[in-house]
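Work through the exercises below with the coordinates open, and try each task before reading its solution.

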Amino acid sequence: MDKYTYKVSAAGRVNIIGEHVDYCGGKVFPAALSLKNTVYVRPNGTDKINIRWTTLPDEVSLDVNALDSYRGLKYGNYQAGAAFMWKNAGHKIAGCDMLQDCTVPFGSGLSSSAAIEVSTIAALAAVAGETVDPVSAALVAQKAEREYAGVNCGIMDQYASACGKKGHAMLLDCKTLECKYVPVNFGDSELIIINTKKPHNLVESRYNERRSETEQALKILKGSTDIECLADLAPQRFEQLKQLLPPVIRARAEHVVYETERVKLAESAMRAGAMAELGKLLNSSHASLKNLYEVTGKELDALAAAAQSHPACYGSRMTGAGFGGCTVSIVKKAGAEDFKKYVSERYFKETGYVCECYDAEIADGIVTEEIK
Ligand code: GLA
């Protein structure tokens, strides 16, 4: 490999629980993964950001003065969006050569896009001689995802990608951005992530639709109760008010209210190492995402059901936006190999897709190293 000046990476993430609540001001419980995007970068003294990939034949050259014009790129649009928003936030952009190496599978629901955006920002900061603040990088990356890539996302993915900590899950309050790091304590178990391998389709439009449904719920409920966001609504209060909402909107709101409760219980279960408890919460979360929020689909449901039926599994659910992507399961270490074999076979029989299991570790967010 050619010589580069910095090696900068940001993580993919798994969300343990707290799904589709970040944009409703709720708490989420993700962890950064060792699957990550790494950017090798060096200054080139021009006004171009030249990008190559370890895994793609494409080469892209972005003009630092025209960063707004690359939305249509198949590859390089996330990097362009991140650079554009970082520049707009007042940071210096130095011309540079980047080699991008992504080990987060694309379209898997493990936040490859956040890892790309955050690592690109951190690489641009490094090459401009700046020390990057991870929270600022996350917020700018979220802006890129929303305003450049067009997904009206919450803050969870970019925050986890930038601010993750090895061996810790993050209890992130998406209303205040207060984050508690909770040591992961899976006792006799481990986290197993499995990819449905179902190609995503229309994720952006359906994601944005869910978001607007929760906004409608908030608007209606605000007329009758003093809340700032949907996650502020306690279950008892929701039960008193739910008749005000039309059926579909009510179902979406019900998911948000009870998922928020499950996150609270999950924190205690994790701190106590109570895997049976945590597992039950994962199962309830999946059922709610399937029946009330309607973001799972045949493949995720088949994969979660197969996992949940195995005796070594404490619990399993979809993770991320849904509509395809991955499940996360808590599985006794002693039964893990049998679990993977059983789930893969049953899933194939039911759907015709060959799933993929990842042995991912919980890792740091942004890591910047100078290459000597
Ligand atoms: C995507 C978004 C996040 C979050 C999840 C669902 O990953 O980027 O902000 O809303 O979906 O929990």
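A pocket is defined on a 1 Å grid over the protein atoms alone, as an open set of points where a 1.4 Å probe fits, with protein on both sides within 12 Å along at least five of seven lines, and its lining residues have an atom within 4 Å of a point. A molecule sits in a pocket if more than half of its atoms lie within 2 Å of its grid points. The model is predicted, so that local features need pLDDT of at least 70 and side-chain atom pairs count only at pLDDT 80 or more, while totals for chains, interfaces and linings use all residues. Residues are numbered from 1 along each chain as its sequence is written, and side-chain values use heavy atoms, with hydrogens and water left out.

**Exercise 1. Locate the ligand and describe its shell.**

Step one: the ligand takes up the space of the largest pocket.

**Exercise 2. Find polar contacts of the ligand (N or O pairs within 3.5 Å) and its cover.**

Step one: an oxygen atom of the ligand lies 2.6 Å from a side-chain N or O atom of Asp157, and a polar side-chain atom of Tyr207 is 2.6 Å from a ligand oxygen.

Step two: a polar backbone atom of Gly154 is 2.9 Å from an oxygen atom of the ligand.

Step three: of the 300 Å² of accessible area that the ligand has on its own (Shrake-Rupley method, 1.4 Å probe), the protein covers 93%.

**Exercise 3. Characterise the largest pocket.**

Step one: its space is about 760 Å³, and of its 37 lining residues, Tyr78, Gly107, Ser112, Ser113 and Glu145 are the closest to its centre.

Step two: helix H2 (112-127) is one of the elements that supply at least two lining residues, and H2 gives the largest share, 4 residues.

Step three: the lining has 14 nonpolar, 16 polar and 7 charged residues.

Notes. Polar contact = N/O pair within 3.5 Å; in protein donor to acceptor, adjacent residues only side chain to side chain. Points joined across faces, edges and corners; volume = space filled by probe spheres on them. Nonpolar A, V, L, I, M, F, W, Y, C, P; charged D, E, K, R; others polar.
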